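Subject: Structure for you to look at

Hello,

Here is the structure I said I would pass on. Please open it and keep it in view while you read the notes below.

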Amino acid sequence: MDLTDEERIPVREIVEIYEQKEKMGELSSPSHGGNLSRIRFIVETINYFEKRYAKPYQEVVSEKGNPDDSEDWIWAREGKEWKSLLKEIGDL
């Protein structure tokens, strides 16, 4: 299967996301202020997506469409994660 450049994710981005998630796992225990660490992780990840797409989630959705219905697998994956984090921070 030949992937176009649009379908490729640079390894550094995968590493950054992995490191963020791994760091969150290490800091999630109550003795490390787990809730505060989770909030920081959410905010950092939301900021990452806003920088990556150069606009807030709702503007990206209006351009790219609902990530749940997207055929662009990168947007589908990232959009769902972004949406989930926004929902989670709103529920705190």
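The notes below cover the salt bridges and the exposure of the residues in them.

This is a predicted model, in which local features need pLDDT of at least 70 and side-chain atom pairs count only at pLDDT 80 or more, while totals for chains, interfaces and linings use all residues. Residues are numbered from 1 along each chain as its sequence is written, and side-chain values use heavy atoms, with hydrogens and water left out.

Side chains of opposite charge can pair when their charged atoms come close. A salt bridge here is a side-chain nitrogen of Lys or Arg within 4 Å of a carboxyl oxygen of Asp or Glu. The structure holds six of them.

One of these joins Arg-38 and Glu-88, with the closest N and O atoms 2.7 Å apart. This pair links distant parts of the chain, since Arg-38 lies in helix 2 (residues 34-53) and Glu-88 in helix 4 (residues 73-91), 50 residues apart. Helices are DSSP runs of H or I, at least four residues long, numbered from the N terminus.

For exposure, buried means under 20% relative accessible area, exposed over 50%, and partly exposed in between (1.4 Å probe, protein chains only). Arg-38 is partly exposed at 24%, and Glu-88 is partly exposed at 24%.

Lys-55 pairs with Glu-63, again through a salt bridge, with 2.7 Å between the closest N and O atoms. Lys-55 is partly exposed at 23%, whereas Glu-63 is exposed at 56%.

Glu-78 and Arg-77 form a salt bridge at 3.7 Å, N to O. Glu-78 is buried at 1%, and Arg-77 is partly exposed at 33%.

Regards

Terms used:
Helix = DSSP H or I, 4+ residues; strand = E, 2+ residues; numbered from the N terminus.
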